Amino acid sequence: MVLNKAIKKAHDYGVLVMFSHTIFSLSFALISMLLASKGLPSPYVIFWILVAFMGARTGANAINRVIDAEIDKKNPRTATRQLPQGLMKKKEVILFSSLCFLVMIIGAYMLNPLCLILSPIALFLLIIYSYTKRFTWACHLVLGITSAAAPVGAWLAVTGKISWLPLFIGAANTLWVAGFDIIYGSQDYDFDTANGINSIPARFGVKNALHIAAFFHAITLVILIIVGLLSPQLGLIYFIGIGIISVLFILEHRMVSPTNLSNVKLASYSINQLISIVFLIFGVIDALI
């Protein structure tokens with residue numbers, strides 16, 4: 001009985017924080033780590049990068065559910081989440097999120113002084129994103145910037161200093177995440193406009209929003225090509241991966257239209273999970289051989 005309850009609770013938290021979406025920033029963080037170290041860093045560095053990453057990512061998603069609980073309760077699409085249904089208490093999730101952020105800070109401390117010094121900025125981004133839909137349609141870009149803290153942070157964890165390459169990797173991560181978040185947000189156009197929720201679809205209309213998302217993903221490809229050209233560790237295998245990603249982007253954007261949003265979840269999440277895996281596999285192979 002106790003074991004079954006523990007398993008169910010772990011499952012509930014996994015659903016709460018969308019654990020399956022971890023790959024969205026993890027792939028960029030790991031590639032950045034490998035490029036920064038010019039190969040595999042020490043097991044110590046790998047371990048604490050993963051600890052800091054998982055703490056940050058999990059805490060951010062948990063606190064997002066708390067901050068958006070009342071909005072989620074009103075939206076038919078999100079009304080079945082744990083907090084709107086009362087399956088979890090806000091205090092419980094806040095405590096969980098706080099512990100995750102503490103884990104992130106400990107990870108930063110164990111890596112190097114610069115990571116620790118910059119951790120409050122990361123913490124600010126992780127929390128503020130959830131509020132941005134209340135006052136700016138650029139909330140998708142804020143989400144992207146928050147995600148980009150992962151590859152930039154991984155580079156800092158290895159080198160203790162910043163350079164242009166991780167900033168390009170972070171920029172690609174930013175526009176990629178913002179692009180598919182715009183697609184996902186298009187399904188909430190009616191709810192957002194009726195309830196004063198800010199988003200690019202609500203501000204510019206679904207048709208224009210999908211064009212903006214496509215533009216963001218086109219620029220993402222350009223930046224990823226620049227990353228490949230700037231890094232001596234990346235070559236043909238990496239660019240083959242980018243070619244596959246470009247095909248997946250085309251497929252993603254052909255799956256949705258202003259008059260047909262039935263494939264939004266598949267286009268914004270499933271296809272981009274595949275893009276993450278392709279980027280990770282081809283980038284890792286090229287960076288290590």
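The radius of gyration used here is taken over C-alpha atoms, and the globule rule is 2.2 Å times the number of residues to the power 0.38.

Me: What radius of gyration does the protein have, and what would a compact globule with 289 residues have?
Reply: This is a predicted model, and its C-alpha trace spans about 50 × 45 × 35 Å along the principal axes of the protein. For 289 residues, a compact globule would have a radius of gyration near 19 Å, and the value for the protein agrees with this, because it is 19 Å.

Me: How many helices and how many strands does the secondary structure of the protein come to?
Reply: Read from the N terminus on, the elements of the protein run α-α-α-α-α-α-α-α-α-α-α-α-α-α. The secondary structure therefore comes to 14 helices and zero strands.

Me: Among contacts between residues at least 6 apart in sequence, what percentage join residues at least 24 apart?
Reply: Of the 289 residues of the protein, 52% count as buried, and the accessible surface comes to about 13,600 Å², of which 72% belongs to carbon and sulfur atoms. Among contacts between residues at least 6 apart in sequence, the share that join residues at least 24 apart is 74%.

Me: How far apart are the mean positions of the positive and negative charges of the protein?
Reply: The protein has 20 positive and 11 negative charges, and a mean position is taken for the positive and for the negative ones.

Me: Is T146 buried or exposed?
Reply: The place of T146 is in helix α8, which covers residues 139–159. Its relative accessible area is 12%, and since buried means under 20%, T146 is therefore buried.

Me: Which residues does P41 touch, not counting residues up to four places away in sequence?
Reply: P41 lies in the loop between α2 (23–37) and α3 (43–67), and it counts as buried because its relative accessibility is 13%. With residues up to four places away in sequence not counted, P41 touches M33, L34 and I46.

Me: How far apart in space are P41 and I200, C-alpha to C-alpha?
Reply: In sequence, P41 and I200 are 159 residues apart. In space, from C-alpha to C-alpha, the distance between P41 and I200 is 40 Å.

How values were computed
Residues are numbered from 1 along each chain as its sequence is written. This is a predicted model: local features need pLDDT of at least 70, side-chain atom pairs count only at pLDDT 80 or more; totals for chains, interfaces and linings use all residues. Side-chain values use heavy atoms; hydrogens and water are left out. Helices (H or I, at least four residues) and strands (E, at least two) are DSSP runs, numbered from the N terminus. Buried means under 20% relative accessible area, exposed over 50%, partly exposed in between (1.4 Å probe, protein chains only). Contact means heavy atoms within 4.5 Å. Accessible areas come from the Shrake-Rupley method with a 1.4 Å probe; for residues, only the protein chains shown count as cover. Lys and Arg count as positive and Asp and Glu as negative; His and the chain ends are not counted. The place of a charge is taken as NZ of Lys, CZ of Arg, CG of Asp or CD of Glu.
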